[in-house]
Amino acid sequence: MRPNRQDHPTARQNRHSRGDASIQTYEEGDLASLLEGRKDPLVLILDCVQDPHNLGACLRTADAAGVAMVVMPKDKSAPISETVVRVACGGAENIPLVRVTNLARAMDKLKELGVWLVGTADEATQSLYDLDLKGGIGIVMGAEGPGMRRLTSEHCDFLVKIPMAGKVECLNVSVATGVCLFECVRQRTGAK
C-alpha cells in the first residue's frame, strides 16, 4: 500500500454508502401507501434512465430535494447496482424506489392520488419557470438521448422545457433532474 502523499492524495471513503447495502424496492401497488399522509408530495419519475451513474446522481438529487419516491420501469432502466448506490451517496437507501411493469399505468395511478405530472421535453413551448409547482407534483424525466417515450409524454399533464441560452441542445438527465427538482423546492419554500 502506498503512503498518502500530499501530491497524490488517497481518495476519501464515501461515508454515505455501504457496499453491502441491500436496497428495498416497491411495486405499483405500493404507490398509495407510500404517499399516504404526505401533503403536496414531490415525486420523481425516470423513464428508462439506463446509465448507472446518471441514475445514482438522480437519486442523490432526489433525496436532497425531499422527493417522496422515485418511480421507474423495471425494464429498460439501469438496475439498482453497487455503482448506483455508491453514486447516490445515501439517496438509494433513503427514498422509496418503485419499479413498475407499466409506467403509463403507474402515472395514471399517481394522477388518481392527486399528483400532477410535469414532463420535460425539448419540443415543449412552456418554460419550467412559468409553471406553478407547489402542489402534488411528479417530475417526469426522459432517458439519455431519446428523452421520454411517446406514451410517457402523452400521460403527462404538462410538458415544459428548461430554457437554454447556449449552443448545446440539452442537459444531462441528472443535471436536468436537479434543475427541475430544485425549482420545485424554490417555489415551495418561497426562496427568491
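The structure is a predicted model, with a mean pLDDT of 89 for the protein. The protein has 192 residues, of which 45% are buried, and its secondary structure consists of 7 helices and 8 strands.

**Confidence**

- A pLDDT of at least 70 is reached by 88% of the residues.
- Residues 8-20 form a stretch in which pLDDT stays under 50.
- For residues 8-20 the model has 13 contacts beyond four places in sequence; these should be read together with the pLDDT of under 50 there.

**Overall makeup**

- The accessible surface of the protein comes to about 10,700 Å².
- Carbon and sulfur atoms account for 49% of that accessible surface.
- Taking contacts between residues at least 6 apart in sequence, 82% join residues at least 24 apart.

- I45 lies in strand β2, which spans residues 42-46.
- The relative accessible area of I45 is 0%, so this residue is buried, the cut-off being under 20%.
- Leaving aside residues up to four places away in sequence, I45 touches V71, L103, M107, L110, L117, I139, V140 and M141.
- Two of these partners, L103 and M107, fall within the residue range of helix α5, 103-112.
- I45 and V118 are 73 residues apart along the chain, and their C-alpha atoms are separated by 9.6 Å.

**Salt bridges**

- D157 pairs with K111, with 3.6 Å between the closest N and O atoms.
- This pair links distant parts of the chain, 46 residues apart: D157 sits in the loop between α6 (150-154) and β8 (158-161), and K111 is in helix α5 (residues 103-112).
- Both partners are partly exposed, D157 at 30% relative accessibility and K111 at 29%.
- E154 and R150 also meet through their side chains in a salt bridge, with an N to O distance of 2.8 Å.
- E154 and R150 are 4 residues apart in helix α6, so about one helical turn separates them.
- R150 has a relative accessibility of 59% and therefore counts as exposed, the cut-off being over 50%.

**Nonpolar surface patch**

- M164, V168, L171 and V175 make a nonpolar surface patch of about 310 Å².
- One of these residues, V175, is placed in helix α7, which covers residues 173-189.
- V175 has a relative accessible area of 43% and is partly exposed.

Technical notes. Residues numbered from 1 in each chain as written. Predicted model: local features only at pLDDT ≥ 70, side-chain atom pairs only at ≥ 80, totals over all residues. Heavy atoms only, no water. pLDDT = per-residue confidence, 0-100. Contact = heavy atoms within 4.5 Å. Patch = residues over 30% accessible without salt bridge, like charges linked within 9 Å, V, L, I, M, F, W, Y side chains within 5 Å. Areas by Shrake-Rupley, 256 points an atom, 1.4 Å probe, with all protein chains shown as cover. Salt bridge = Lys/Arg side-chain N within 4 Å of Asp/Glu carboxyl O. Helix = DSSP H or I, 4+ residues; strand = E, 2+ residues; numbered from the N terminus. Buried < 20%, exposed > 50% of the residue type's maximum accessible area, 1.4 Å probe, protein only.
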